[in-house]
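Subject: The two-chain model, and what turned up in it

Hello,

Here is the structure I promised to pass on to you. Please have it open while you read, as my notes below go from the chains down to single residues.

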Amino acid sequence: MPAPIRLRELIRTIRTARTQAEEREMIQKECAAIRSSFREEDNTYRCRNVAKLLYMHMLGYPAHFGQLECLKLIASQKFTDKRIGYLGAMLLLDERQDVHLLMTNCIKNDLNHSTQYVQGLALCTLGCMGSSEMCRDLAGEVEKLLKTSNSYLRKKAALCAVHVIRKVPELMEMFLPATKNLLSEKNHGVLHTSVVLLTEMCERSPDMLAHFRKNEKLVPQLVRILKNLIMSGYSPEHDVSGISDPFLQVRILRLLRILGKNDDDSSEAMNDILAQVATNTETSKNVGNAILYETVLTIMDIKSESGLRVLAINILGRFLLNNDKNIRYVALTSLLKTVQTDHNAVQRHRSTIVDCLKDLDVSIKRRAMELSFALVNGNNIRGMMKELLYFLDSCDPEFKADCASGVFLAAEKYAPSKRWHIDTIMRVLTTAGSYVRDDSVPNLIQLITNSVEMHAYTVQRLYKALLDDISQQPLVQVASWCIGEYGDLLVSGQCEEEEPIQVTEDEVLDVLEGLLVSNLSTPVTRGYALTAIMKLSTRFSSVNRIKKVVSIYGSSIDVELQQRAVEYNALFKKYDHMRSALLERMPIMEKTASNGPTEIVQTNGETEPSVVEPKHPPPVTLPTNQGTDLLDLLGGNDMALAIPNTVPTKPASAGGELLDLLGDLSLSGGPAPTPAPSVPTSQPSFLLDGLSSQPLFNDIAAAGIPPIIAYNKNGLKIDFTFERANPNPNIAVITIHASNTTETDMTDFVFQAAVPKTFQLQLLSPSSNVVPALNQGTVTQVIRVLNPQKQQLRMRIKLTYTHRGSAVQDLAEVNNFPPQSWQ
Amino acid sequence: MMQFMLLFSRQGKLRLQKWYVPLSDKEKKKITRELVQTVLARKPKMCSFLEWRDLKIVYKRYASLYFCCAIEDQDNELITLEIIHRYVELLDKYFGSVCELDIIFNFEKAYFILDEFLLGGEAQETSKKNVLKAIEQADLLQEDAKEAETPRSVLEEIGLT
């Protein structure tokens, strides 16, 4: 068989391939040749073949069939073979495969080889890819080599030891004796690797750290070495741009950092040398700056005296002015780390930092933005905000959301005046409106309601913004909400802060209607707009126009919009007397914790548009004149019409569940009065109980409270069974059981309930909405009633279902609750 | 420590890969692909550092080759640039004005040089001279070994030619 082609030959050939397919063909051919050569156990050319295989592996082709061959090469006596064999092992073998363990014996032998270059190969391979098992087996050999006087081997052994410790931390102890006089070596290679080894040991074990601090007096030794490096003259061997062995200097500084952290004595011992390095290092090249960088990090981390800290921050300040963007980046990163602890010192460099906002590099801009927000305080808020808003205008989209949020937070904390605050918000909404986070809208609305004296100004500015641009949804949503609330202030021209604009009711309604029809408006925005129009019916005189708009949307395809329109229509038709009360001005909302779950504010029943889209279609069975539904159930004036008033924030888990719950309620039944935040702590448990404990209440055997028949008509019978919820005795848990004695099923069965004002009701999901015929099964549903005042329980229920092809609807009152259920 | 070093051309072809952490072939390929894409997308005016996953990536372009290192949070980015530069200097001294082709055709030598300079993701020798000396000696050893292998003709053996 002809000799396999040489490596260079193969490379040349493969590079002539013009297409991927051609290359693949050549590779496959060569691989086949190599495979047969391997099969023949050819010792002469094994090395060459494996080398070729490694080349093909780098191109991305599979080479696993060469793994064993690498092992054979390692076992060979020829240096060339070993060299390629070890290289192949490092490239092709990995510790997941058991085959790598076969190397262990070879490595062991080679670690004791007579030629140092072979020993070197073994140490290198072990130190790069040795698995924990291998490390355990060979740690002893490594430790022996750590004590040799041959610096070539000693330095490799040190790094090999580092790898062993990383893989098998328990073995750290055994290397301790060998470290005793590592630092008295003159050879820089050994010094460097020794410092790395000591660093690894100190980082991993506090005991080691303490030992090295006290017993070994490591700090003075390191200080001495560092001093020699700085003070000694030019050393051609280790010089880099006029600095002597920067690599070693940097590692020493890093080890000093670990030794000095939280330790006064050590920190004091290194103060002088740190000051010396900080002042004497040449800063014209990257190399000097690398050392200064490490020095600064060390100064900031140890217990350095304040003068030194100021020196460090000033170095960073100078870095910020450096032409080299890498240096600027590093400076910003370091300043970000120190801004919490050395706030005042960093403040001095604020203007430079703010200038970095205009840098071209994305990473630098991001760092500068984060740092700028960290530096904002009551004194510099106006100036900083100007810069940050300018940045918001011109930055890339990836920054806008974070920047906008940052601006809102900063404005909230440090706003010098309410007007300034509102102006800032306006600016953000108009410039980065589409990037603003969803939770900002309710937060802003809450903020606006709180600034009572600014209402007129706010609504005027928002109105003007709307005239310009209706594409940015958060802006449009806030604006429509405000117009709905404060539209009367707008048309009466009451603004104090700036020149009041003249605007008529019709113009305002034009704008809002424009939002409804515009393609740019999302469904959520349309909801806001419709509600705003409705609110204006009590503030404006052009009620007829509003009535017309509302009734048009009663047949909107958008189900949410349709539902609202129909309900508002009902307000006009049957409940006109309630309308003004319902649509009154909102009271000031309580601010929840910034990350808190959704807050439900009980107002006089004002409908608040929910920003979160309902996740379900409303029940199909509800007849088209839905206006009668909600309000009918409650009838009379003693029943409360409290429609949930949600201020959704970002879905913190409790909030999400809350919304789910409310969604649940409207699916399964009528309005459920939701608890106001001012009610004491029994409230949260009430809601959360319901969410987690659904299966518990299928238990029909009540705690001794007799069941009642709540309804029995036309073959539909509904029983109520009772139970007390354990944590809260004020809560009665009622399970309804609906059964059907007729011969046909009752489908689309929906049960709804309403209770008097002093009670609160929670309706969980029904088991199904088909009541099977002939008592073959029941539909169960759980009702939880909170009765803090222990009044007599009354309930109005409404049933809708389809039976024998026709829709059936019935209302009833349940008055026969047993006293035990509510006492 | 350095977790890995990659050398690749402007077309995204890998010229050298040194891994100091154990990863499967598949993972290595994935990381390589992603990182090559990210680095090649950077504009020339941007800084040499970027954050990628939980690592810091330090890269520098020398002629047609990108040298890309992944270091850990504690490591000094600026000195890593110096390490990259030192490696290029070593290659340059060894090959005499190194270019990409040298590394393509002598990739195994590039690895040997790297293995004399770094070990386990850390620098083992800070003197340029010492690294080059070690490589030279090892090469000589290789030559001697080859010498010993070369079959000699009968006449050569007797010493007549």
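Below is what I found, starting with the overall make-up of the chains.

Please keep in mind throughout that this is a predicted model.

**The two chains**

Chain A has 823 residues, and 58% of them count as buried. Its secondary structure comprises 34 helices and 12 strands. If you take the contacts within chain A between residues at least 6 apart in sequence, 70% of them join residues at least 24 apart.

Chain B has 161 residues, of which buried residues make up 58%. Here there are six helices and seven strands, and their order along the sequence is β-β-α-β-β-β-α-α-α-β-β-α-α. For contacts in chain B between residues at least 6 apart in sequence, the share that joins residues at least 24 apart is 47%.

**A helix pair in chain A**

Have a look at α22 (residues 397–414) and α23 (residues 418–432) of chain A, which pack with their axes 10 Å apart and at an angle of about 175°. Since angles over 145 degrees count as roughly antiparallel, α22(A) is roughly antiparallel to α23(A). On the α22(A) side, the contact is made by A:K400, A:A404, A:V407, A:F408, A:A411 and A:E412. From α23(A) come A:W420, A:H421, A:T424, A:I425, A:V428, A:T431 and A:A432.

A:R251 sits in helix α13 (residues 246–260) of chain A. Is A:R251 buried or exposed? Its relative accessibility is 9%, and because buried means under 20%, A:R251 counts as buried. The side chain of A:R251 makes a polar contact of 2.6 Å with the side chain of B:E122. Setting aside residues up to four places away in sequence, A:R251 touches A:H192, A:V195, A:V196 and A:T199 as well as B:E122.

**Aromatic pairs**

How many aromatic pairs does a search of the whole structure find? Over all chains there are 16. One of them joins A:W481 and A:Y486: the ring centres are 6.3 Å apart and the planes are at 80°, so this pair is edge-to-face. Both partners are shielded from solvent by the numbers: A:W481 is buried with a relative accessible area of 1%, and A:Y486 is buried at 1% relative accessibility.

In chain B, B:F8 and B:Y66 form a stacked pair, with 5.5 Å from centre to centre and 15° between the planes. This pair links distant parts of the chain, as B:F8 is in strand β1 (residues 2–9) and B:Y66 is in strand β5 (residues 65–71), 58 residues apart. B:F8 and B:Y66 are both buried.

Back in chain A, ring pairs also link A:F720, A:F722, A:F751 and A:F817 into a cluster.

**Two positive phi angles**

Most residues other than glycine have a negative phi, and two residues are worth checking against that background. A:E41 is not a glycine, yet has a positive phi of about 55°. A:E41 is in the loop between α2 (20–39) and α3 (46–58) of chain A, and at 45% relative accessibility A:E41 counts as partly exposed.

The other is B:A63, with a positive phi near 50° in a residue other than glycine. B:A63 belongs to the loop between β4 (55–62) and β5 of chain B. At 65% relative accessibility, B:A63 counts as exposed.

**A buried loop residue**

Finally, A:V503 lies in the loop between α26 (473–491) and α27 (505–517) of chain A. With 6% relative accessibility, A:V503 counts as buried. Which residues does A:V503 contact, leaving aside neighbours within four places in sequence? They are A:Y463, A:L490, A:V491 and A:V508. A:V503 and A:Q460 are 43 residues apart in sequence, while their C-alpha atoms are 9.6 Å apart in space.

Happy to go through any of this with you.

Best wishes

How values were computed
Residues numbered from 1 in each chain as written. Chains lettered and ligands numbered in written order. Heavy atoms only, no water. Axes fitted to C-alpha atoms, helices over the stretch in contact; angles between N-to-C directions. Helix = DSSP H or I, 4+ residues; strand = E, 2+ residues; numbered from the N terminus. Parallel < 35°, antiparallel > 145°, perpendicular 65-115°, else oblique. Contact = heavy atoms within 4.5 Å. Buried < 20%, exposed > 50% of the residue type's maximum accessible area, 1.4 Å probe, protein only. Polar contact = N/O pair within 3.5 Å; in protein donor to acceptor, adjacent residues only side chain to side chain. Phe/Tyr/Trp six-rings, centres within 6.5 Å; stacked < 30°, edge-to-face > 60°.
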